[in-house]
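Here are some exercises to work through with the model open beside you. Try each one before reading its solution.

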Amino acid sequence: MNIENNIAIKLKLTEENEKNSMCNTKKYIMIILIVTAIIVGAGIACAISIPLVKKKYDKDENEYKFTPEIIPYGSNLKTTYIFGHKNPDTDTISSSIVIADLEKKLGNQNQLIPCRLGELNKESKLVLETFNVETPKLISSVSGADSVILTDHNGYEQSISDLESSQITIDKVYDHHAISGFKYPSPVNVNIKPYGSTCSVLYEIYKIYNLEIPKHIAGLIASAIISDTILLHSSITTELDKKFLKEASEIAGIDYIKYGEKMLRAYSDVSDLSDSELLNYDSKEYTENDNCGNSIYYIISTASTYDVDEFLSERKNGLKTAIQSKGLKLFIFYILDIVNYNSYALIEGDLKELAKNALKTYECTEYNNQNDVYFLKQVTSRKKDIAPKIKEAINTNCVIS
Ligand SMILES: [Mn+2]
């Protein structure tokens, strides 16, 4: 009985154990299934949510890259002349054409006419031929226009002669020079940035508004940057100019180093100009008050060469005579050596000593024992290196006693 009972109990226990073990197996399977379901579920959820997160991020990024709205303005019954400074250079010529394209894309509905205030130099001719662009209209007055857009200058001395007297509306100013001498009668849309060329300022606006840049426009922009920064060698060159020149050259399909050297050669070829023409070649006029309130008018003029000694031996005496015949209180002509990037100046007038002192920071020593030629070490920019020193010297001295 006991034995039987024992067996019976053992059997029962074994059965129960088997039952339990089967239950456990089922439990394990269930657990595994649940865990698997959770993992798969989580995986699917992640797979769905990642693109959503990414999309949201992209959306945020788009919101960050805010593109300003373009609202049409003006009317096709109105005419706007777009022009740069007197004695036009490549930046002045190119930017007047580029602005006509840019302004149209910015919603300006006026008749936009690129203009110029003087003859093209050889470099600018090469640029317009290379990109097959029409030469801007030659004007000597604002009559015929309802408004103007100024580029590459912002002072009356360097602008069209009747700008002030005509009281014509100035719609906009695009420039990269120091603000000088404008008394705007009403608020003006002014875009001035301290970049190497006006066309760098314009290129940035195309990028900000996400506007299409046609090939010839990119070519004009690249040319202006090359010209004004002397192929990125001038002291006015910024990192943005370098970036913009590379990008614009790619759009235009040019090798900017090869093309740039061709441009510099064209610019430096002044053999066909008379001495007085050479003084006007790349010349800027200034008027500054001295410390006693006297108004001083002076000119800083330049050209460039691959051979300084040859240039000086051929042109110095003629240039000196031409400068002296102008009879100004100050006239500076400097020739830029585009091999070593130094300048050599002829300085004439009553303010000669004042100017020489102002330029001492660039050594300003007599070159090769020539007592009328002054070496200016690493001077490459009238705007950045020379003009501010002369302005300061006149402003802080009583130059007429
Ligand atoms: Mn310029």
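Two strands pair if DSSP finds at least two bridges between them. Helices (H or I, at least four residues) and strands (E, at least two) are DSSP runs, numbered from the N terminus. This is a predicted model, in which local features need pLDDT of at least 70, side-chain atom pairs count only at pLDDT 80 or more, and totals for chains, interfaces and linings use all residues. Residues are numbered from 1 along each chain as its sequence is written.

**Exercise 1.** Find the residue that stands opposite Ser343 in strand 12.

*Solution.* Start with the pairing: strand 10 (residues 342-348) and strand 12 (residues 370-376) run antiparallel over three bridges. Opposite Ser343 you will find Leu376 of strand 12.

**Exercise 2.** Work out the strand order of the open sheet and its edges.

*Solution.* The six strands follow the order 7-8-9-10-12-11, with mixed pairing. Strand 7 (283-289) and strand 11 (363-367) are the edges, as each pairs on one side only.

**Exercise 3.** Describe how helix 6 and helix 8 cross.

*Solution.* First, the axes of helix 6 (residues 215-228) and helix 8 (residues 256-268) come within 10 Å and cross at roughly 60°; axes are lines fitted to C-alpha atoms, for helices over the stretch in contact, and angles run from 0 to 180 degrees between N-to-C directions. Therefore helix 6 is oblique to helix 8 (under 35 degrees is roughly parallel, over 145 roughly antiparallel, 65 to 115 roughly perpendicular, and the rest oblique).
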